[in-house]
Structure formats: C-alpha cells, structure tokens
Amino acid sequence: MGSEKTLPNLLAERASKHEHEVALRQKHLGIWNEITWGDYFKKVEQLSISLAKRLDFKSGEKLAIIGENRPQWLYSQMAAQSLGGISVGIYQESRPEQIVYYLNDCQARIVVVEDQEQVDKLLEIEKEIPLVEHIIFYNKQGMRHYKHSKLIDFDELLDHGTSLIEDNRHLIQEKLAQRLGNEYALVAYSAATTGNPKGVLLTHESLIEAAKSLTMVDKMENKDDYFSFLPLSWIHEQVISSVIPLTTGIVINFPEKPHTVIGDLREIGPHTLLAPPRVYQKIMSDFTIRMEGASWFKKKVYQTFKKIGDKMAQEKIKKQTLSYGEKLMYQLGDFLIFSAIRDHLGLSRIKRAYIAGAALEAEAFYFFHSIGVNVKQTYGGTELAGIAFVQHDNDINVESAGVPLPGTEVRIGEDGAIYVRNFSISTEYLHEEDRETNIDGWITLGDCGRLGTDGHLYMLDRGEDIIKDQNDKLIYPRIVESKLKTSPYIQEAVCFGKDKPYMTAILNIDLNSVGRWADKNRIVYTEYSDLARNAQVVEFIEQQVTGLMGQIPAYARVKKFTILHKQFTADDAELTRTLKVRRKFIEDKYKMLINGMYSETQKVTMTNFEKESIGEISLQVIQLNMKQGVA
C-alpha cells in the first residue's frame with residue numbers, strides 16, 4: 001500500500017485495522033443491511049479488477065455514476081479511483097438532454113447506473129453520447145429482457161472480479177502503491193445558477209483536507225451515524241458520505257427509497273445531518289400542521305413549554321441569560337415533550353444538523369434550537385471542496401454563514417466580493433475556458449458579503465443580482481426573498497427590479513401549509529394550480545406579504561407580486577439539483593409575466609405555456625395596499 005494519503009489507500013488502511021466494524025448500512029425491503037469495512041474493500045477490489053481486465057479502464061479515465069445513494073455508488077467511485085481514474089457524479093433526476101451534456105462534457109466511456117429508469121434514459125440518447133461504450137446497472141428489476149450489447153450487470157462484474165482476484169491481487173496492491181495525493185479523484189459539477197454546469201476537478205488531497213478541517217471543528221467519532229440522502233453528486237454530500245468515514249470511521253446510512261427518507265431518518269436517528277433549508281422548513285411546517293390538529297391538551301402542554309423553549313433558543317443564539325428556574329423548567333419540558341418531538345423527527349441523537357446551499361430562515365433556526373436541535377449554517381461551494389465556513393456550537397448566529405474552518409482565510413474585495421483561500425480550493429476545471437481566476441491562492445464564487453467584528457461571514461447576495469435603485473441605494477434581492485420565505489405559507493420567492501422603478505416578485509406557495517389553511521376555510525381544490533389561483537388564497541398571501549414588507553426598508557419593498565400556478569422545479573430547470581434558484585433562467589422564462597408586473601394590467605395571460613396541457617393560463621398581478629405603507 002502506498003504511503004500517499006489517497007481515498008483508496010485510506011479505505012485499504014481502515015479495512016485492514018477495522019475489518020469487522022460496520023461501514024455502511026442500506027435499507028432494503030424494510031431491513032437495514034450492514035456492510036463492514038472488510039466487505040466494502042473487498043467489493044472495491046473485485047470491481048477494480050473487472051474494470052481493469054474486462055473493460056480496460058485506465059488511469060486518468062472518467063467513470064460516470066448516475067443513481068440514488070447506494071453502496072454501489074461508493075464501490076464504483078472507489079474502484080475507479082483505485083485504478084487512477086476519476087469518478088463523475090451525475091444527478092439521478094437529470095433529464096435525458098442534461099445527461100447528454102454531462103456525459104459528452106466529461107467524455108466518460110463507462111457509465112454506472114442504478115436501474116431500468118436510468119438505462120432507458122441512456123438508450124434513448126444513445127446516438128447523442130457516442131463515447132459511451134458500457135452501461136453497468138446494479139438494480140436488476142425490470143431488466144430481464146434487455147439484451148443491448150452495451151449493458152452489463154454490476155453483479156456479473158463483481159463475480160468476474162472474484163474469479164480473477166487470486167491471480168491478480170498484486171494488481172490492486174500495485175495500483176494503490178502508485179496513487180498520489182495530488183491526482184484528480186473526482187469531477188464535481190457546479191450548481192449552475194447561471195449557464196451550464198462547470199466540471200471542477202478535485203484531488204485526493206483537497207478532499208481529505210476539507211474533511212479534516214470540518215472534523216477539527218465538529219468532532220465525528222468512530223461508529224457515529226450519518227444519514228446520507230442528498231445526491232452524492234453534490235460536493236457537500238460527497239465529502240461527508242465518502243471522505244469523512246475514511247478519516248473518522250463514522251457509519252453511513254442510506255435510505256431505502258427517496259419517498260421513505262423521513263421514516264428511515266426516524267429509524268436511524270443520526271448524529272450528523274446535512275440538508276438544504278427547504279428540508280428543515282418542511283420538517284418544521286409538517287410539525288406545525290400536526291400540532292394544529294392535535295388535541296386541546298397536547299396543544300396546551302406544547303404552548304406552555306414552547307415559551308421556555310424559545311427563551312432557551314434566545315439564550316443560545318443571542319447570548320441572553322436564563323434564570324435557574326427557567327433552566328429547570330426547560331429540563332422538565334425537554335423530558336415531557338421536546339425529547340419526544342426530537343424522537344418523532346428522527347433527531348433524538350443529533351449532535352449537529354448542517355444547513356447547506358442557502359440560508360435558513362430565522363424562524364426555523366429558533367424553532368429547532370428551542371426543541372434542542374443544533375442546526376448550524378454553513379457556506380461553501382464546489383471549488384472549495386464543500387463546506388468552508390461553519391457556525392461553532394457555542395457561537396450560533398441566525399444571520400451569519402459561520403466562521404472560516406481551520407486553515408481557511410477570507411477577505412472582502414472593494415466590490416464586496418467574498419474571496420477565500422485554503423488548501424482544499426480547486427481552480428482546475430475540465431475545460432480551460434471555465435478556469436477561475438486565482439490570485440495568490442484567492443478565489444471568489446461570485447457571492448458578496450461582509451465580515452463582522454465577531455469573525456462571522458455575513459452573506460448579502462450574488463454580485464450580478466445586486467440592484468441599485470434610482471437613488472443609488474443597494475437592494476439585495478436575496479434578503480428580500482429570505483424575508484418573504486419566513487412565512488410558512490410561502491415556499492419560494494424570486495424578486496426582480498434591476499433597471500426597474502420598483503421591486504416585484506414571483507411566489508410559490510407552500511402546498512402543505514396553505515392546503516391546511518384552505519381545508520380550515522372550506523376551500524375546495526384538487527391540485528396546486530387550483531390553490532395558487534384561488535381568490536381567497538391570493539388575498540391571504542397578500543396579507544402575509546404586506547406584513548413582511550413592513551419589516552423591509554421602503555426602497556427595497558416588493559410593490560407587486562404574482563403567485564405562480566406551478567411550483568419551481570429542477571426538472572423544469574428553474575432550480576438547480578441542489579434546489580438553488582436559477583434566477584436568470586426564471587427571468588427569461590417568465591419575461592411576459594414580469595413585464596406584466598411593470599404595467600397597469602391586473603392579469604397576465606401566457607399562451608403556449610411550456611409543458612402545460614392547456615393552451616393559455618391567466619395569472620393575477622397583486623399590487624400591495626399603499627395605505628399599509630408599502631411603496
């Protein structure tokens with residue numbers, strides 16, 4: 001085994017020292033199946049030999065992987081890296097045309113996919129991906145009658161590797177010994193809020209350094225549980241699910257199916273969780289709805305202790321002091337109700353719950369801390385190998401993105417741009433034209449912010465999204481959008497106003513919370529579109545927006561808004577696969593609607609709407625009541 005610290009060498013080392021300890025768990029047919037470090041390494045060894053001997057996979061080649069979070073995903077990645085190859089994660093929900101882009105961009109010859117759905121996508125676009133020679137699938141369901149020459153059963157490859165292993169064991173040992181820390185380990189594609197995704201090349205060293213830096217702040221111990229449900233194509237998930245286990249021995253738990261995530265989370269009760277704000281907001285919203293339907297007694301008990309829980313959250317976040325009696329009451333509340341809530345949510349053992357991808361609203365922050373869940377904001381990016389800033393347990397700040405990890409430096413440019421420097425940064429891309437400017441190791445991801453005297457980083461907005469009004473005052477759409485999303489009835493908000501006389505917004509309502517409100521008010525509806533265009537719902541959301549805009553400076557307030565008849569989705573390219581808003585795409589797609597909000601019209605009719613079965617659709621433009629102080 002080589003002395004260089006690479007991901008395959010760390011796996012071999014851990015398998016040697018902790019062979020019988022659990023590395024992974026995968027739920028299948030309701031049963032959690034355990035995979036030891038010895039089993040993990042053996043599968044990688046078998047697959048590596050098959051890739052090398054049967055498919056002639058060579059050092060420097062790309063191996064693309066498309067599928068849900070599964071052990072086979074990690075086996076495939078590690079096998080490619082053992083041979084000096086580079087893994088390329090592709091979001092499993094990508095549409096065929098997006099897969100064409102990814103596969104041609106990374107020039108993968110071999111693709112590992114999960115199931116029939118992904119196989120069908122690739123066969124549909126076969127002529128558009130001429131470089132792909134082999135498609136390896138690891139879920140056989142529905143695949144019995146597929147006879148295509150490019151298709152290979154994953155288990156067949158493992159069996160083939162088993163038959164070759166005795167005569168070729170030296171091959172893997174030699175390959176591991178040849179591996180170097182500065183070799184490229186994987187390609188991670190950027191979120192692409194504007195333009196096409198860019199493939200970032202990350203080395204073994206940068207990934208290991210990123211993992212070590214995070215665990216210096218938040219110690220993750222051997223056999224701690226982590227619940228892995230976000231796409232492994234996302235760099236944040238990649239570092240925690242595939243790298244940190246190699247350096248700490250934490251156990252990775254994969255859900256059975258995407259729709260069983262909440263139930264599986266409750267069963268595992270992990271010590272660490274990573275999720276975007278939308279997941280936390282949904283958990284809070286669902287809990288709030290359940291409490292509204294609870295018995296009078298349960299609601300009374302919860303409301304009684306919620307007040308003291310809120311005070312405890314204030315103590316932790318705003319450094320306020322609680323009396324001895326209040327602390328005693330909180331302990332009683334924790335015993336009677338908060339611990340039960342955490343257990344119900346699957347957060348009974350949680351040590352930290354990371355927020356990634358965007359900022360969590362203050363209301364949700366306080367809710368989770370009031371029930372004893374340590375949610376922590378982070379900031380990072382693909383080029384930073386994941387998380388580069390995180391809040392410390394004793395230094396939680398609702399408004400900040402955290403403080404730099406050990407070894408990470410930050411400075412703010414004259415234009416407000418955030419510049420970062422550390423040992424994990426990559427400015428290497430698949431294509432030269434995508435290369436980021438690197439001046440003495442400093443790079444910027446395009447975000448603007450400020451550094452507080454407390455050492456925290458405070459995010460403002462993307463540089464290209466900042467608006468300057470007619471009086472040269474700066475407006476940060478992200479801040480206005482965040483304020484709108486503090487309402488449990490508003491799921492998403494996208495604001496506009498560049499080179500315009502006032503601010504406008506397109507809103508998505510929250511189907512669960514607004515649906516619950518509609519049921520209470522005996523409003524009949526069958527789908528999201530009915531609810532979003534219902535006159536009573538529109539009036540209710542107008543009241544919500546009016547109240548929230550009263551908390552925003554007058555020059556930055558939204559004057560008009562519309563509720564979209566559909567939810568923004570990644571499938572329609574309005575969101576990235578990590579659920580970030582693609583503002584420019586939305587601006588172009590809904591140009592007619594946006595222009596309507598800058599006219600005197602009260603309704604905008606859009607014709608030939610994309611993917612709609614109806615020929616046209618009319619949406620109401622809501623102008624906020626001037627008497628209520630919104631101008």
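Buried means under 20% relative accessible area, exposed over 50%, and partly exposed in between, using a 1.4 Å probe and protein chains only. The model is predicted, so local features need pLDDT of at least 70 and side-chain atom pairs count only at pLDDT 80 or more, while totals for chains, interfaces and linings use all residues. Residues are numbered from 1 along each chain as its sequence is written, and side-chain values use heavy atoms, with hydrogens and water left out.

Start by selecting lysine 566, aspartate 572 and glutamate 574. Lysine 566 and aspartate 572 are both buried, and glutamate 574 is buried too. A salt bridge here is a side-chain nitrogen of Lys or Arg within 4 Å of a carboxyl oxygen of Asp or Glu. Lysine 566 has one with aspartate 572, at 3.1 Å between the closest N and O atoms, and one with glutamate 574, at 2.8 Å.

Next, select aspartate 218 and lysine 376. Their side chains form a salt bridge, 2.7 Å from N to O. Aspartate 218 sits in the loop between helix H7 (204-217) and strand E10 (225-227), and lysine 376 in strand E14 (residues 375-381), 158 residues apart. Helices (H or I, at least four residues) and strands (E, at least two) are DSSP runs numbered from the N terminus. Both aspartate 218 and lysine 376 are buried.

Then select Arg25, Glu34, Asp225 and Arg349, which a network of salt bridges links. The model's count of salt bridges is 39.

Finish at methionine 329, in helix H12 (residues 324-345). Methionine 329 counts as partly exposed because its relative accessibility is 36%.
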